[in-house]
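My notes are below the structure.

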Amino acid sequence: MEVQERLQDVVSRIQAAERSADPAKGAVTLVAVSKTFDADAIRPVIAAGQRVFGENRVQEAQGKWPELKAETSGLELHLIGPLQSNKAAEAVALFDVIETVDREKIARALAAEMQKQGRHLRLYVQVNTGLEPQKAGIPPEETAAFVDLCRVELGLQIEGLMCIPPVEENPGPHFALLAKLAAACKLQKLSMGMSGDFETAVQFGATSVRVGSAIFGAR
């Protein structure tokens, strides 16, 4: 199957999951995860109409996205991997959305850089729903206070919450928890679901899903 066909298959599956979950619901945004793939592998996906992409690393994204953005207008780039504070300036310059705000140091670095560069990125707070020690993210019980700090003290535009459930667990309860936390914080957006579970995520209210291998193939 060609990459364009895989893209269309994913889009069709998202739409079917949406209809099953809530026909009145707004469209779920597909974030095509292009990490580890070079510009030549990404261009056919852009040509097929995809406009929203996700990358894990600032440095890798810098090697391909300025050129791709120059070639095609209207592309939106999400950072979906962990961000180090020393990369905040580069991240603010390149990305449109950062989905992995997970500690005060990063929030403050982003606030300072956005003011400095005159750019206003949309941000998501990453929640460690499984309390996994090796995984980034705010503990669920600290989410509301952290969102409040970002919004009130730092003036950041927190658009929603993001999570990556533990690989070996049923993702449903994690998606349900994220939806509950977002509602408590009066946030409308939920970034959850990847290649193996995005249809489940849509059922639990995802507004965007991050799909890589189901579109680009195995890494």
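I am working from a predicted model, in which local features need pLDDT of at least 70, side-chain atom pairs count only at pLDDT 80 or more, and totals for chains, interfaces and linings use all residues. Residues are numbered from 1 along each chain as its sequence is written, and side-chain values use heavy atoms, with hydrogens and water left out.

Entry 1, Glu-99. I found Glu-99 in strand β4, residues 97-101 (strands are DSSP runs of E, at least two residues, numbered from the N terminus). Glu-99 is buried (under 20% relative accessible area, 1.4 Å probe, protein chains only). I looked for a salt bridge (a side-chain nitrogen of Lys or Arg within 4 Å of a carboxyl oxygen of Asp or Glu). Glu-99 has none; Arg-210, the nearest side chain of opposite charge, is 4.2 Å away.

The Glu-99 side chain makes one with the side chain of His-78 at 2.7 Å, and another with that of Ser-191 at 2.5 Å.

Strand β1 (residues 29-33) runs parallel to β8, joined by four bridges. Leu-30 is opposite Val-209.

Val-209 is among the residues with the most contacts inside the largest nonpolar core, which has 65 residues (buried Ala, Val, Leu, Ile, Met, Phe, Trp, Tyr and Cys joined through side-chain atoms within 4.5 Å).

Key:
Buried < 20%, exposed > 50% of the residue type's maximum accessible area, 1.4 Å probe, protein only. Lys, Arg positive; Asp, Glu negative; His and termini not counted. Polar contact = N/O pair within 3.5 Å; in protein donor to acceptor, adjacent residues only side chain to side chain. Pairing = 2+ DSSP bridges.
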